[in-house]
Amino acid sequence: MTDQALVDLAFSMLERSYVPYSRFPVGAALLCPDGTVFTGCNIENAAYGPTICAERTALAKAVSEGHRAFSTIAIAGKSTDYCWPCGVCRQVLYEFAPELTVLVARGDGDYVKLSLKELLPHGFGPSSLDTGANS
Ligand code: THU
């Protein structure tokens, strides 16, 4: 799976987005080391707070199907700026894949490639609990 193919899959998910409130569709495609891809879209809610971002939709699909290792995620939106992942999604992805590569696309199809550690430096993950108060 090339980076471009993963970005294309993220774009293909925009039409599945349920965004009656923000009108801001987001698509995601999450690649596992074994080549499996899980896609996602944002799913909004009238109560606003329960809204699920595209990245977390993809991650929940993957984990619930038994996948916990991830190599790359592509995130796509329609706006002029790159569709940067929100802080909550950065944290949730860090739990499973601190070494994740992140492809962030904008509406014209251009995308940038970063590491999750660039987007979430000094992240708090499972190993952060090793030297906690209970040890
Ligand atoms: N959104 C995502 O799907 N992913 C992000 O990382 C940023 C925000 C969605 C949530 C909401 O449905 C819409 O974009 C506007 O915030």
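Select helix H2, residues 54-64, in this predicted model. Helix H2 lies across strands S1, S2 and S3. Its direction makes an angle of about 140 degrees with S2.

Color S1 (residues 26-31) and S2 (37-41). The two run antiparallel, joined by 5 bridges. Pick Leu30 and you will find Phe38 of S2 opposite. Strands in a sheet pair through backbone hydrogen bonds, in parallel or antiparallel fashion.

The open sheet has 5 strands, ordered S2-S1-S3-S4-S5, with mixed pairing. Go to its edges: S2 at one and S5 (111-115) at the other. Each has a single partner strand, so one side of each has no neighbour in the sheet. Look along the sheet for the twist, which averages 15 degrees from one strand to the next.

Turn to the largest pocket. Its volume is about 150 Å³. Select Phe24, Val26, Asn42, Cys53 and Glu55, the residues nearest the pocket's centre. They belong to a lining of 14 residues. That lining divides into 9 nonpolar, 3 polar and 2 charged residues.

Finally, zoom out to the whole chain. Count 4 helices and 5 strands. Along the principal axes, the C-alpha atoms fill a box of roughly 50 × 40 × 30 Å.

Conventions. Residues are numbered from 1 along each chain as its sequence is written. This is a predicted model: local features need pLDDT of at least 70, side-chain atom pairs count only at pLDDT 80 or more; totals for chains, interfaces and linings use all residues. Side-chain values use heavy atoms; hydrogens and water are left out. Two strands pair if DSSP finds at least two bridges between them. Axes are lines fitted to C-alpha atoms, for helices over the stretch in contact, and angles run from 0 to 180 degrees between N-to-C directions. Contact means heavy atoms within 4.5 Å. On a 1 Å grid over the protein atoms alone, a cavity is a set of points where a 1.4 Å probe fits but cannot get out, and a pocket is an open set with protein on both sides within 12 Å along at least five of seven lines; lining residues have an atom within 4 Å of a point. Grid points are joined across faces, edges and corners, and a volume is the space filled by probe spheres set on the points. Ala, Val, Leu, Ile, Met, Phe, Trp, Tyr, Cys and Pro count as nonpolar, Asp, Glu, Lys and Arg as charged, and the others, Gly among them, as polar.
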